[in-house]
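Welcome! Here is a guided walk through one protein model, written for someone meeting it for the first time. Please keep the picture open as you read.

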Amino acid sequence: MQHRQNGASQEVAAAKAGISVRSGRRIETSTQKPRVNTERQWRTREDPLEAVWETELLPLLEAKPDLTGTTLLDYLQEQYPEHYDQTILRTLQRRVKQWRALHGPEREVIFRQQAVVAQQGFSDFTHPDNPITIQSKAFPHLLYQFRLAYSGWRSVTVVQGGESYAALATGLQRALQQAGGSPVEHRTDSLSAARNNRQNVWTDAYSELCQHYRMTPTRNNLGQSHENGVVECANGSLKKRLAQQLLLRGHNDFESVEQYQAFIDCAVDKLNRRNRARVVEEQAALQPLPEFTAAEYQTLHLKVTRSSTIEVRRVVYTVPSRLIGESIQVRLHHDKLVLFVGQQPALTLVRVYPKPGENRARSVNYRHVICSLASKPQAFRYSQLRDDLLPDDNYRELWQLADEHLEPREACKWIVTTLRLAFEYDDEQSLGEDLLIEARAGRFASITEIQSRYLGGNPDLEFSASNQHTLVSYDDLLSSIRSQEASI
């Protein structure tokens, strides 16, 4: 009727009102006024909670407002068996919900924040939703994500192990280098890598890291994940995007960690393009970066044991035997260990983590100790590192077959010498595969035969043929010596 009074035709007024032209004409010509809907003031059925709501349930709710309808129904069924069944659950839940809205306690209010250019950067770790393999082997890892609050620009880094300081420092510094500057404030949740939660203070390493980039460290309150929402919500969108890109790619296997990181960088770059204008504005306002990066590792000082091992974070690593007795410095990264003797780098090892459910692990390389083991092969049988010294499944099966078919002493000597040959001639894989085929057939080539076989196939090693001189020459030599002694 308002549209008609404003001069609209019958068809236009009906269309704007969402009714048919016929209904519009009927309403316009009718002399009756529309009845005003009024709230119903009566019940259509008997209240099943009338006997207990005000006398029992309300006092319980007022004392404990967090009680749910399901809990209250359990209470009624215990107090009044056979009087209250499951059919009143929805009625009870609606009554509780209405009481909370009208008489319940005040609820927490979320105050949405206005992002300031170059003011805040947020960090968080998340587990990927899709399992990833590197050369068909499972690759357990985390994704570290850094995000700027104003533009939503993000950087994602693949990190191994847990939420360690090394992982945080590596991911954060990589993000700041990509962004071209640092924000005024850096916020995390209660990461143990950044904060000593027992003493409620920042760790020294993290404080120095933030100071190096002129950032003020902050954290959200315990249990209040929405205060870190800039990056928490971004974790979901990131994992959805990665899942879609993996579906498009067709498989989840990568040749290397570097290839996997490049895949993630490509997906993240597409996300960052959405807010290109705000990203450019914020990057221009970031604080300039210092000339050098901060240390992204933890430093440990250890002494190499007489077993040619070191223990780092509940993991035993073998090192070259020439380091036995040396006091070394270990720089502990999230994915590697770099060993120094004095100021000179001596060795880099891949970092290993205990498997889920296990407290300890080992990283044993037979090449580090095989020279010593070859001089005392019988030590192999009962060595604590015996199974770890065998480089792969082929050699483990070789040892089992040798131990079954050869004398105990010969079995140890045979497998240790085989490892020594694999090390010296750098032919570990083919040697193991060839010998395993023969061992399964019950044939164990002698060490001399194995050595000649693989030496003969190595073009870098040349043999010089020589003729054995006759034994008569020794008699001539001895005769001349005797004659000289007699003349003296």
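## Terms and ground rules

A helix axis here is a line fitted to C-alpha atoms over the stretch in contact, and angles run from 0 to 180 degrees between N-to-C directions. Helices (H or I, at least four residues) and strands (E, at least two) are DSSP runs, numbered from the N terminus.

This is a predicted model, in which local features need pLDDT of at least 70 and side-chain atom pairs count only at pLDDT 80 or more, while totals for chains, interfaces and linings use all residues. Residues are numbered from 1 along each chain as its sequence is written, and side-chain values use heavy atoms, with hydrogens and water left out.

## The chain as a whole

The protein chain holds 18 helices and 17 strands. Of its 488 residues, 36% count as buried; buried means under 20% relative accessible area, exposed means over 50%, and partly exposed is in between (1.4 Å probe, protein chains only).

Contact means heavy atoms within 4.5 Å. Among contacts in the protein chain between residues at least 6 apart in sequence, 62% join residues at least 24 apart.

## Helix H15 and its two partners

Let us begin with helix H15 (residues 408–424) and helix H16 (residues 428–440), whose axes come within 9 Å and cross at roughly 145°. H15 passes H16 in a right-handed crossing. A crossing is left-handed if the near helix is turned anticlockwise from the far one by less than a right angle, and right-handed if clockwise. From H15, the residues Trp414, Thr418, Leu421 and Ala422 meet Glu428, Leu431 and Leu435 of H16. By class, this contact of H15 with H16 has 5 nonpolar, 1 polar and 1 charged residues. Ala, Val, Leu, Ile, Met, Phe, Trp, Tyr, Cys and Pro count as nonpolar, Asp, Glu, Lys and Arg as charged, and the others, Gly among them, as polar.

Helix H14 (residues 393–405) also packs with H15, at an angle of about 150° and with the axes 9 Å apart. That makes H14 roughly antiparallel to H15; angles under 35 degrees count as roughly parallel, over 145 as roughly antiparallel, 65 to 115 as roughly perpendicular and the rest as oblique. H14 passes H15 in a right-handed crossing. On the H14 side the contact is made by Tyr395, Leu398, Trp399, Ala402 and Asp403, and on the H15 side by Ala411, Cys412, Trp414, Ile415, Thr418, Leu419 and Ala422. These residues of H14 and H15 divide into 10 nonpolar, 1 polar and 1 charged.

## A proline in H15

Pro408 lies in helix H15. Is Pro408 buried, exposed or partly exposed? Pro408 counts as partly exposed because its relative accessibility is 46%. Leaving aside its neighbours within four places in sequence, Pro408 is in contact with Gln378 and Arg381. The C-alpha atoms of Pro408 and Arg381 are separated by 8.7 Å, although the two residues are 27 apart along the chain.

## Strands that pair

Two strands pair if DSSP finds at least two bridges between them. Strands of a sheet pair through backbone hydrogen bonds, either parallel or antiparallel.

Strand S1 (residues 120–126) has 6 of its 7 residues buried, so S1 is largely enclosed by the rest of the structure. S1 runs parallel to strand S6 (residues 185–188), with 3 bridges joining them, and S1 pairs with strand S4 (residues 142–148) in the antiparallel sense over 6 bridges. Gly121 stands opposite His186 in S6, and in S4 the bridge partner of Gly121 is Leu148.

Elsewhere, strand S15 (residues 336–341) and strand S16 (residues 344–350) pair in the antiparallel sense over 6 bridges. Val341 has Gln344 as its bridge partner in S16. The hairpin of S15 and S16 has 2 residues between the strands, and Gly342 there takes a positive phi near 65°.

## Two loop residues with positive phi

Most residues other than glycine have a negative phi, and most peptide bonds are trans. Glu82 has a positive phi near 70° and sits in the loop between helix H5 (69–79) and helix H6 (89–103). At 85% relative accessibility, Glu82 counts as exposed.

Arg313 has a positive phi near 50° and lies in the loop between strand S12 (309–312) and strand S13 (315–318). With 40% relative accessibility, Arg313 counts as partly exposed.
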